[in-house]
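Trainee: Could you walk me through how to read a model like this one, feature by feature?

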Amino acid sequence: MPLVDLRNVFRSFRRPDGSSVWAVNDVSLTVEQGQTTALIGESGSGKSTLGRLVLGLLPPDSGTVSFEGVNIAGLPRPEMRRLRARLGVVFQEPYESLNPRLTVGAIVEEPLIIHRPALTRAERRARVDQALREVDLDPQVADRYPQAMSGGQQQRVGIARALILEPSLVVLDEPTSSLDLSVRAQILELFGRLRAKHGLTYLFISHDITTVEYFSDQVIVLYLGRVVERGPTPEVLARPRHPYTQALLSARLSVDPTVSPPHFPMTGDPPSPTAFIPGCPLVGRCPLEVSECSKAPVPLHAVGVGHEVACIRA
Amino acid sequence: MLSVRDLETRFVTRRGVVYAANGVSFDVGDGEIVGIVGESGSGKSVTISSVLGLIRPPGAVVGGSAMFDGTDLLKLPGRALRHIRGARIGFIAQNPFGALNPILNIEAQFANVTRAHGRADRATIRQNALEMLKRVGIAGPERVLDGYAHELSGGMAQRVVIALALLLNPSLVVADEPTTALDVTVQRQILDLIAGLIREGRRSMLIVTHDLGVVAQYCDRVVVMYSGRVVEEGPVATVFTRPLHPYTLALLRAVPRRGEPIQALGGRVPDLLSKPVGCAFRHRCAFAKPRCESETPEIRPVASTNPLGRTVACHLDVEREVPALAAG
């Protein structure tokens, strides 16, 4: 049984002007225990909304979100609370996600106070110390405030907080996007080490294909709220079948000046998120487009072992 | 084209004086695209803001020169500098929506740029604007001219900013992270567009970026900055394939590659609240010597690569020791 199972999930948002944004449009996906599943897409792809749906922070308009086979919609409050304790999350902006009025120690301790009421103060303190050490912070930083720390250190505090309850699933929502290159490498290395040590399952949300390639086992490519391609990361990135995945890969710029960038196949910007799109969401930007593409939604079909693509030309 | 020497810029803050640029020197040759690369706090953005006269109190340029076509930009009064900026030096900012005026339609912004540097009647301005918008790949330029910035997507807005920057045919274009705010599939199109317009017009460009891929693929030469100083400078083709400063090597190694353990650079950039003495990178450098602590390394030509114009600021015997570090 997959750890997380989404079936035909829809989620829209109403804008102040009355129009609707279809953030997640008929998405089905699974996250397997012990694996790192990447959701990759640009702004408006629905990747962060999916993260919030998986965490139970947002209900779907329709469809089901299950955790270990249990539909989390309509769970009674105590069960929902127990579930929350098993889900960790690390956000993109470490500073904005840390309360500036609390010390680092209080921030990391807070989930224990809420979810582990049986622990004594000394036991909580010991766990906080250990969590800080695990993210390579000196336990003495517990007395400091997050604003006195660098971005990389703040992100380590966020990771310690996410892991303090030993969650089964950790959602990483663009956890390295706001960090400098050298710090990004440190944090990725840390995520890898924690995964190996605790057998963590990650749902890794990113727009950066280089990081996804380095870090994930499975990849799900999203465009305008729909899954356009998915499969094992090495397979999908070696043999991308959807023109959008191909465009993402050829948009990547090698740091080796002797390797010239591949031809970039796509034109234009993503359309307005409020536009109703009856067919393939890539219509208007796709080099392979034919008239059938705009008529009806394109379902995913298998093109390899575990490799699926939603394109009538693939 | 542009020759910056010993630039020093400081900011006075409540926490003390921030030494943001500490003796920065580099050149941009005719027809060259030069990239300034560094992490946050490296002084890369402060450097171009200083050159363009965009530093405002509590910041100040306190030393150095920036020669552009025989004129020292740092000594020019505000009005004269504004005249060069826009007409002979075009500027492309990171956030197009911050660069465009939200309450004027796009045509009025073309009129403002044109009229700040000369006279033109309305019909000519519109004609020139339409032509520029077509050159930056905007389909339906009439509609864009009559509309406002908020009606544009990020990619379209940045195309308008590029059209405005190139409107008066500048010989030098300065770009500050011009695609960082855009989606990946739009970034590549905008970079191809900018580089194409620069090459085809035989212009020069100075581009500030944190993205090593942008430098590797679009620049002729690279200036690597760390802690308000240039640590290495030279042709991209040799600097990125055979880095000579330990920091450049570490940056290139921090790029994740599947199947290889990631080689993270430990530590963090020093704060700039005291004027750095010695090499600012020494705390993170595996090869630091006692001398690196006491003596600031001057930027110097590298003997055997001198015809290629490479320079590096490091006390190591970089040609021998850094390749050994890279190999081992």
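This is a predicted model: local features need pLDDT of at least 70, side-chain atom pairs count only at pLDDT 80 or more; totals for chains, interfaces and linings use all residues.

Trainee: Which residues of α7(B) are buried?

Mentor: In α7(B) they are B:Gly155, B:Ala157, B:Gln158, B:Arg159, B:Val160, B:Val161, B:Ile162, B:Ala163, B:Leu164, B:Ala165 and B:Leu166. The helix α7(B) reaches 18 Å from its first C-alpha to its last, close to the 18 Å expected at 1.5 Å a residue.

Trainee: Now the two chains. How do I read the area buried between chain B and chain A?

Mentor: The size of an interface is often given as the accessible area lost when the parts come together. Here, about 3,200 Å² is buried between chain B and chain A, and carbon and sulfur atoms give 59% of that area.

Trainee: Then where should I look for salt bridges?

Mentor: Over all chains the count comes to 26 salt bridges. One of the pairs is A:Arg124 with A:Glu109, whose closest N and O atoms are 2.7 Å apart. This pair links helix α4 (residues 121–134) of chain A, which holds A:Arg124, to helix α3 (residues 104–115) of chain A, which holds A:Glu109, 15 residues apart. Both A:Arg124 and A:Glu109 are buried. Chain A also has a network of salt bridges that links A:Asp136, A:Arg156, A:Glu189 and A:Arg193.

Trainee: What does the salt bridge of B:Glu32 and B:Arg221 tie together?

Mentor: The closest N and O atoms of B:Glu32 and B:Arg221 are 2.9 Å apart. B:Glu32 lies in the loop between β2 and β3 (33–37) of chain B and B:Arg221 in strand β9 (residues 221–226), so the pair ties together parts that are 189 residues apart in sequence. B:Glu32 and B:Arg221 are both buried.

Trainee: How should I read the backbone angles?

Mentor: Most residues other than glycine have a negative phi, and most peptide bonds are trans. With that in mind, look at B:Asn169, which has a positive phi of about 60°. B:Asn169 lies in the loop between α7 and β7 (172–176) of chain B. Phi of B:Glu177 is also positive, near 45°, and B:Glu177 is found in the loop between β7 and α8 of chain B.

Trainee: Is B:Asn169 buried or exposed, and what about B:Glu177?

Mentor: B:Asn169 is exposed, with a relative accessible area of 55%, whereas B:Glu177 is buried, at 7%.

Trainee: Where is a cis peptide bond found?

Mentor: A cis bond joins B:Pro57 and B:Pro58, with omega about 10°. B:Pro58 lies in the loop between α1 (44–51) and β4 (59–68) of chain B.

Note on methods. Residues are numbered from 1 along each chain as its sequence is written. Chains are lettered from A and ligands numbered from 1 in the order in which they are written. Side-chain values use heavy atoms; hydrogens and water are left out. Buried area is the accessible area (1.4 Å probe) that two parts lose on being put together, summed over both. Helices (H or I, at least four residues) and strands (E, at least two) are DSSP runs, numbered from the N terminus. Buried means under 20% relative accessible area, exposed over 50%, partly exposed in between (1.4 Å probe, protein chains only). The expected span of a helix is 1.5 Å times one less than its number of residues. A salt bridge is a side-chain nitrogen of Lys or Arg within 4 Å of a carboxyl oxygen of Asp or Glu.
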